[in-house]
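Hi everyone, thanks for coming. Let's have a look at this one together before we talk about how the pieces pack.

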Amino acid sequence: MSTLEIDTAGIGDEPGAPLPVVSAVAGPHRPGIVAVETEQAPVLASLVAGGRMKPDRGRVLLDGHDDPAALRRAFALVDTPGVAEPFPVMTLRRIVREELAFAGQRPSREHVDTVLDELGVSAYADTAVQRVPTDVRVRLLVELALLRDGVTGLVITSPERHGGSVASWFAVVRDVAQRGITVLLVTSKAAAETAERLLATIPVPNDDLPDEGASATEGPDDATSPTGGEQRLPSDTLETRS
């Protein structure tokens, strides 16, 4: 588990900066939200948050440390346009097969079918990803990203662009966060307003609450926790990575 902090990071100069200055904190059990507009800003925000691009100002910290290489290893970009999104006509079956191979797992038909069944999306196995509900798309891409070695956090980019209600796809974000995975959501300002309200519905485990008499506000160093083991799908029944 890890804590990701974006501290007044931006690209370009105002007005009309490609990425206006943004700040957010994402930690285990508590997703972070970055609200940006325009076509380009969500991609830039995701690249900065995931350690793939250096901001012109501000910084991005992983567990209190400025370490882009560690950030790249720990955080996967999910559905980032032009960077980490599947081709619209790809079927879910093909996406799973390719992601299993990328994660170093055996992409046999049986294994692919097991993954689809584990995620409850078998009915969409041969459907193009552009035609599945947004929550199904997000769940599939999130869980596949978590199969990659060393990935403990996610940067999910603009799920609202695929339609559907914010509540439906944010439920996926909530479920993943409740498993202790660090999630940063990059979304539009309108969707962020709804997502912020839904954040209040995520219970905070007792282990994450401050000790009696301690400050309720923690810095990144306070929230640091060592990572442990590989991520698995929810029922933890998939075969071990090769």
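Helices (H or I, at least four residues) and strands (E, at least two) are DSSP runs, numbered from the N terminus. Keep in mind that this is a predicted model, where local features need pLDDT of at least 70, side-chain atom pairs count only at pLDDT 80 or more, and totals for chains, interfaces and linings use all residues. Residues are numbered from 1 along each chain as its sequence is written, and side-chain values use heavy atoms, with hydrogens and water left out.

OK, the sheet. Strand S1, residues 4–11, is joined to S4 by five bridges, and the two run antiparallel. Zooming out, the open sheet has three strands in the order S2-S1-S4, with antiparallel pairing. On average, neighbouring strands here are turned by 10° against each other, direction ignored.

What lies across these strands? That's helix H1, residues 41–49: it lies across S1, S2 and S4 and runs at about 130° to S1. For angles, axes are lines fitted to C-alpha atoms, for helices over the stretch in contact, and the angles run from 0 to 180 degrees between N-to-C directions.

Now the helices. Helix H3 (residues 92–102) packs with helix H5 (residues 134–145) at about 15°, with the axes 10 Å apart. H3 and H5 are therefore roughly parallel; the cut-offs are under 35 degrees for roughly parallel, over 145 for roughly antiparallel, 65 to 115 for roughly perpendicular, and oblique for the rest. On the H3 side, Leu92, Ile95, Val96 and Glu99 make the contact, and on the H5 side it's Val136, Leu140, Leu141 and Leu144, where contact means heavy atoms within 4.5 Å. By class, that contact of H3 with H5 has seven nonpolar, no polar and one charged residues.

And how does H3 sit against H4, parallel or perpendicular? H3 and helix H4 (residues 109–118) pack at about 110°, with axes 9 Å apart, and they are therefore roughly perpendicular. Leu92, Arg93, Val96, Arg97 and Leu100 of H3 meet Arg109, His111, Val112, Asp113, Val115 and Leu116 of H4.

Notes:
Ala, Val, Leu, Ile, Met, Phe, Trp, Tyr, Cys and Pro count as nonpolar, Asp, Glu, Lys and Arg as charged, and the others, Gly among them, as polar. Two strands pair if DSSP finds at least two bridges between them.
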